[in-house]
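Q: Please take a close look at the interface between the two chains. I would like one connected account of what builds it.

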Amino acid sequence: MSSIAYERSAALETAGYDSPATSKLEQLWKTKPGLFGWLGTVDHKQLGKRYLITAFCFLIAGGIEALVMRLQLARPNQHLLTPEQYNELFSMHGITMIFLYAQPVLSGFSVFLFPLFLGTRDLAFPRLNSFSYYVYLFAGLFLYASFLVGAVPNDGWFNYPPNALKLYNPGPNIDFYALGMILLGISTTVGAANFLVTWLRLRAPGMSINRLPILTWSTTTTSVGILFSVPAVSLAFLMLWLDRQFGTHFFDPAGRGQPLLWQHLFWMFAHPWVYIVVLPAMGFVSEALPIFCRRPLVGYTVVVLATVATMVMGFGVWLHHMFATGLPFLALSFFSGASMVIVIPSAVAVFAWVATIWTGRPVVTTALLFFAGFIAMFVIGGVSGFMTAAVPSDRQMTDTYFVVAHIHYVLIGINLFPVMGALYVWFPKMTGRLLDERIGRWNFWLVFIGLNVAFLPMHWTGLAGMPRRIYTYPDGLGWNTVNMLTTIGAFILAIGVLVLLINIAVSRARGALAGPNPWDGPTLEWTTPSPPPSYNFAVIPAVASQNPLWEGRLQEGLGHSSVGRGLVLDQGKEVLATTPLDAEPDAILKMPQDSLAPLVVAIALTGLFAGLLVAWWWLAGLCAVVTLASLVVWLWPEPALGQIAVAAND
Amino acid sequence: MLPVGSIERRTNGWYGMLTVIMTEGALFAYLLFSYYYFAVQYGREWLPPQLPEFWFSVPNTILLLASSAALWFAERGVRRGIRRDLVWGLAIAIGLAVIYVVLQAIEWSGRPFTMSSTPYGSLYFSISGLHFVHLAIGLIILVVLLIWSLLNYFDARRYAAVSIGAVYWYFVTAVWLAVFFTIYITPRLG
């Protein structure tokens with residue numbers, strides 16, 4: 001058995017992508033052929049693309065759910081849907097968009113981009129990356145399986161008891177939601193752990209804490225947020241499932257349970273979650289807007305601080321979702337104040353982006369339009385949010401369409417717009433072809449007009465008293481025209497999304513070839529071919545500034561980044577570990593080969609939850625045993641990973 | 001010269017276990033929050049007529065602390081290259097944990113309430129139950145580590161798995177201390 005020596009001296013070498021060393025690297029890192037490779041790949045680039053494709057499928061599903069709802073609400077007294085069907089649609093629309101699209105799409109970009117941004121060859125835990133994707137896919141399918149049995153979650157995405165308890169909701173609808181969410185939470189959590197450890201450990205030498213690409217700050221900050229917030233909702237759903245299936249008394253009033261405890265636990269998770277689904281998208285803007293303004297981001301340090309401050313403060317505002325529940329005024333006042341103060345770091349970031357455009361030399365591309373549109377939509381969504389932070393006005397507006405307007409401005413404006421812009425920026429890196437700019441303009445303007453026609457009047461709808469989550473409304477209340485307008489806007493927005501999909505399809509086949517750096521960007525991902533080879537970098541680069549490729553023109557300091565000369569690390573699948581603060585070389589780490597273990601564990605885990613759903617306890621128990629056994633196999637020390645001690649006489 | 005592969009605690013797995021502790025620690029924080037939420041709302045009448053006693057919980061606390069001490073001894077042994085210390089430390093840690101499991105089962109079976117009797121019962125069993133699940137997984141980890149030690153996988157430089165398993169066990173012990181304080185001590189604090 002070959003054993004890995006404990007130490008090695010590694011020399012710097014000069015190598016480009018066409019040098020002989022790279023064929024050896026390609027052999028080491030490329031995915032194995034056939035079904036085994038397709039199912040067992042650990043290549044972060046392939047996994048990132050899978051995340052993005054899956055997230056967009058869920059975006060379309062959630063969008064169709066919304067369009068059907070808007071058809072129902074376009075005019076008063078429609079009967080396209082029964083009340084129960086409407087409840088199921090608005091619940092799944094929320095669940096799909098918030099959990100199956102908004103965060104996974106950001107994960108997808110980060111899974112693809114992190115190693116390229118950081119100057120390394122993979123994430124810290126490649127097999128865990130694969131596992132995280134499979135569990136996300138299976139959890140999404142688990143939730144949508146509820147449609148197959150006609151028992152779809154129907155109590156809204158916040159799912160409040162008592163209505164979510166067995167007494168009022170006897171079918172399996174809520175059990176699909178509870179168990180599906182716990183399963184999804186496992187995927188989200190391990191993904192977050194992967195990003196955090198990668199960010200701390202696997203950087204290019206010299207990429208100290210103040211030279212990290214700002215997108216990595218956003219994703220890592222939200223990863224820490226995920227680690228601390230997801231347990232609250234997993235626990236809440238576990239308690240709810242126990243109340244429903246085993247007669248426990250966490251939330252049921254009849255058994256002296258506390259329905260408000262659900263709301264506390266849920267919102268202690270869900271408020272940080274709304275920052276988790278927007279901060280990395282803001283990171284896309286911080287990262288790419290400077291490219292199209294041809295200057296570095298204004299105020300890198302304050303934007304980083306604002307990002308971290310927003311996430312931290314995001315844990316201290318959850319009660320603003322409960323202003324109408326009868327809690328004492330002292331509590332409401334504290335959380336109202338905190339919900340206003342949290343605007344400040346966001347405002348700092350907005351000013352930094354505006355200053356970057358103002359002092360830069362903007363180039364108007366589709367990406368820049370999305371980023372500029374994002375800033376405007378962020379301001380509108382932020383203002384309506386600030387209005388609801390004031391308790392008296394929230395008492396009027398909560399559970400009306402005003403809040404629906406707010407959430408769609410912030411979610412579409414701060415998540416979807418940056419995501420679309422980011423596609424125009426990094427699609428060339430992922431596929432080697434540029435997205436078409438002319439189709440892109442249609443994409444942008446249709447989405448922009450659709451968003452504003454649908455949701456700007458909705459502020460007025462809410463102030464005029466229309467409650468949310470009603471399946472129809474009577475004639476003569478003055479709501480007819482605005483609802484028709486909103487429906488028209490929704491369809492325009494949908495056509496805009498369709499145009500994006502057309503652009504992707506057309507450009508995959510016939511788009512202009514991109515080359516390594518079509519946008520003249522400053523960071524490390526723009527040094528690789530498009531798409532990057534399996535090993536990312538021929539040699540591990542070393543960086544001396546925030547913008548390695550712009551050093552010549554910025555004259556920031558005396559250092560020079562080294563892109564074509566560095567450690568080759570070709571004695572196996574190897575990456576360099578560096579220290580967290582100053583990024584000094586710390587160790588050479590061995591990375592795993594393609595493996596089916598992540599898929600096996602994901603299937604076993606899903607089987608466990610399916611067993612719990614249908615109360616086949618034997619199946620759940622069997623799957624639990626298989627899960628544990630497969631984990632032991634997965635983690636068994638391997639000589640090739642340098643995990644086994646070299647015997648004295650070896 | 002750079003270290004290669006799994007050397008001391010320079011592994012990704014060590015950092016990964018720290019993230020596990022972060023997130024599972026948060027889970028217990030939310031669980032105990034739920035306990036205190038009920039306790040503050042309902043006061044003394046929420047607690048069972050007979051408060052949880054110390055007959056099992058104090059020995060269990062001592063068992064876990066001793067188990068962690070044995071594990072610390074095992075980890076120190078492997079870092080000095082003394083395989084005998086590693087193996088015996090792990091074996092003793094496992095043995096003490098098994099006694100804990102038995103005592104915990106006896107304590108549960110003697111409870112006059114169940115998970116579905118009252119909110120207190122629901123919280124008592126979910127808190128101690130979830131802690132027990134984490135401990136059971138930790139026990140499996142220790143057994144696997146013992147097997148790997150007997151297979152000579154570890155030496156004075158390659159022992160990361162032992163540290164990773166040990167820090168998880170210390171976490172399980174620390175959570176027990178918080179659970180012990182919450183369930184057994186706070187009801188008596190007036």
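A: Contact here means heavy atoms within 4.5 Å. By that rule, chain A brings 59 residues to the contact and chain B brings 47 residues. This is a predicted model; local features need pLDDT of at least 70, side-chain atom pairs count only at pLDDT 80 or more, and totals for chains, interfaces and linings use all residues. Residues are numbered from 1 along each chain as its sequence is written, chains are lettered from A and ligands numbered from 1 in the order in which they are written, and side-chain values use heavy atoms, with hydrogens and water left out.

Start with area. Buried area is the accessible area (1.4 Å probe) that two parts lose on being put together, summed over both. Chain A and chain B bury about 4700 Å² between them. Carbon and sulfur atoms give 67% of that area.

A salt bridge needs a side-chain nitrogen of Lys or Arg within 4 Å of a carboxyl oxygen of Asp or Glu. Three salt bridges cross the interface of chain A and chain B. One of them links Arg10(B) to Asp586(A), at 2.8 Å from N to O. A polar contact is a pair of N or O atoms within 3.5 Å; within protein, one must be able to donate a hydrogen and the other to accept it, and residues adjacent in sequence count only if both atoms are side-chain atoms. Between chain A and chain B, 21 residue pairs are in polar contact, both residues at pLDDT 80 or more.

Which elements of chain A supply at least two residues each? They are strand S1 (7–8), helices H6 (173–201), H7 (214–246) and H8 (259–276), strand S6 (585–590) and helix H20 (617–635). Helices (H or I, at least four residues) and strands (E, at least two) are DSSP runs, numbered from the N terminus. H7(A) gives the largest share of the chain A side, 10 residues. The chain A side holds 41 nonpolar, 12 polar and six charged residues. Nonpolar covers Ala, Val, Leu, Ile, Met, Phe, Trp, Tyr, Cys and Pro; charged covers Asp, Glu, Lys and Arg; the others, Gly among them, are polar.

Strands also pair across the chains. Pairing requires that DSSP finds at least two bridges between two strands. S1(A) and strand S1 (residues 2–3) of chain B run antiparallel, joined by two bridges. Arg8(A) has Leu2(B) as its bridge partner in S1(B).
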